[in-house]
Amino acid sequence: MSGGDVNAMLEKCKELDQLRDEQEKVFQEINKIHKKLQTNPEIVEKSGDVILGRLKNLYCHAKDLCESEVSASTTLMNQIDCLIQSGVSAAQRKKIDITKKRMKPDSDNSRFPPAPSMRSQLELAANLKGEQVAARVSDDNAEKDEWFVVKVTNFDKDTKEFEVLDEEPGDDEESTQQRKYKLPASHIIPFPKKNDPSSAPEFQPGRHVLAVYPCTTALYKATVVNSHRKRKTDDYLLEFDDDEEDGSLPQRSVPFYKVVPLPDGHRQ
C-alpha cells in the first residue's frame, strides 16, 4: 500500500476526532437543557415550544453525528484491513499502531467491540477469579434488573457459568448471610482495574452508564456529567436516575473503577 493510502487513513482519523469533538459539544448543550428543565420545570409552560424544539434538534444532530462516526469508523477499519493484507514495512506498521490507538473512542469503543474467541473468553473468566465484578442477579423474567458488586469464586468451564458471592447483602435482605449465585457470562461485567485509570472507557457527558451508588454495593443507571479524564480526580461526576432531591438530581462522584457501560435492554 502506498504512502497516499496511509495518509488517507490518517485523514479519516482526523475526521473521527472532529466528529467526537462536535459530539461532546452537543452533549454538553443537551445536559444544560436537561438541568434547566429539572431545576425549573415550569419553563415548559412559559416557553415549551422553543426549549423542547431546541432539545429535539440537538438530539437529531447527535444522532446524525453518531451515524457519521459509525460510517467513518467502518471505512477506517476496512482501510486498516487492506493495509495489513498488503504487507507494509515496519515504519508503516508503526503508523498503523498509532491509528489503532486513536480509534479507541473517547466517547466509547464498547459500541462495536471485536468478538472474543472462545479461548480468550475462558482466559478472561479464569483471570476474574477472586475479583469483584458487576453482576445481574435478577432472573430474565424479573420486572427490573438488579445489579450488585459480587466476588467471583469460580468459573465452570462445562456450564460456562460464574460462581459468585455477594459479600455484603443489604439490610433489606431476608438474611444477612452472604449469598451465592451461579450466573452466565452475559450477567457479568468486569470493572476497570483500580490501579489503572487508562483501563476505563472514556464515557462522554450525556452517556448512560451503570454505576455503584455511593456507600452501597448496588449499581444503578446514571448519566455522565463529567468524565474522569477531564477532572482532577479519577472520579466520574454522575446523576443517578430516580435520585431526585429538592426537585433536581444531585451530582455524585463515583470512582472510575465502579462505572461500567449500561447493558442493552437494561430495565430499572
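1. Disulfides. A disulfide is taken here as a pair of cysteine sulfur atoms within 2.5 Å. By that rule the count for this predicted model comes to 0 disulfides. C66 has a relative accessible area of 22%, so it is partly exposed; the cut-off for buried is under 20%.

2. Overall layout. The secondary structure of the protein chain comes to 4 helices and 10 strands. Of the 268 residues of the chain, 35% count as buried. The protein chain exposes about 16200 Å², and carbon and sulfur atoms supply 48% of that area. Among contacts between residues at least 6 apart in sequence, 57% join residues at least 24 apart.

3. In soluble globular proteins, nonpolar side chains tend to be buried together. The largest nonpolar core in this model has 18 residues, and those with the most contacts inside it are V26, I30, I33, L37 and L76. Helices α1 (3-39) and α2 (43-86) each supply at least two residues of this core. Another core, of 14 residues, lies apart from it and has V133, V137, V152 and Y181 among its members.

4. M77 and M9. M77 is found in helix α2. Its relative accessible area is 33%, which means that M77 is partly exposed. M77 and M9 are 68 residues apart in sequence, while their C-alpha atoms are 9.1 Å apart in space.

5. Aromatic pairs. The structure holds 5 aromatic pairs. In one of them, Y213 and F240, the ring centres are 5.0 Å apart and the planes stand at 65°, so the pair is edge-to-face. Y213 lies in the loop between β6 (208-212) and β7 (218-226), and F240 lies in strand β8 (residues 235-240), so this pair ties together parts that are 27 residues apart in sequence. F240 is buried, with a relative accessible area of 1%. Y213 and F240 also belong, with Y220, to one aromatic cluster.

6. A second aromatic pair. For F256 and Y257 the ring centres are 5.4 Å apart and the planes are at 90°, so this pair too is edge-to-face; the cut-off for that class is over 60 degrees. Accessibility divides the two residues. F256 counts as buried because its relative accessibility is 2%. Y257, at 23% relative accessibility, counts as partly exposed.

7. H266. Which segment holds H266? H266 is found in the segment after β10 (259-261). Is H266 buried or exposed? Its relative accessibility is 17%, so H266 counts as buried; the cut-off is under 20%. Leaving aside residues up to four places away in sequence, H266 touches D145, W147, L210 and K221.

8. Points to check on the model. For the aromatic rings, the cluster of Y213, Y220 and F240 can be viewed alongside the edge-to-face pair of F256 and Y257.

Note on methods: Residues are numbered from 1 along each chain as its sequence is written. This is a predicted model: local features need pLDDT of at least 70, side-chain atom pairs count only at pLDDT 80 or more; totals for chains, interfaces and linings use all residues. Side-chain values use heavy atoms; hydrogens and water are left out. A nonpolar core is a set of buried Ala, Val, Leu, Ile, Met, Phe, Trp, Tyr and Cys residues joined through side-chain atoms within 4.5 Å. Buried means under 20% relative accessible area, exposed over 50%, partly exposed in between (1.4 Å probe, protein chains only). Contact means heavy atoms within 4.5 Å. Rings of Phe, Tyr and Trp (its six-membered ring) pair if their centres lie within 6.5 Å; planes under 30 degrees apart count as stacked, over 60 as edge-to-face and the rest as tilted. Accessible areas come from the Shrake-Rupley method with a 1.4 Å probe; for residues, only the protein chains shown count as cover.
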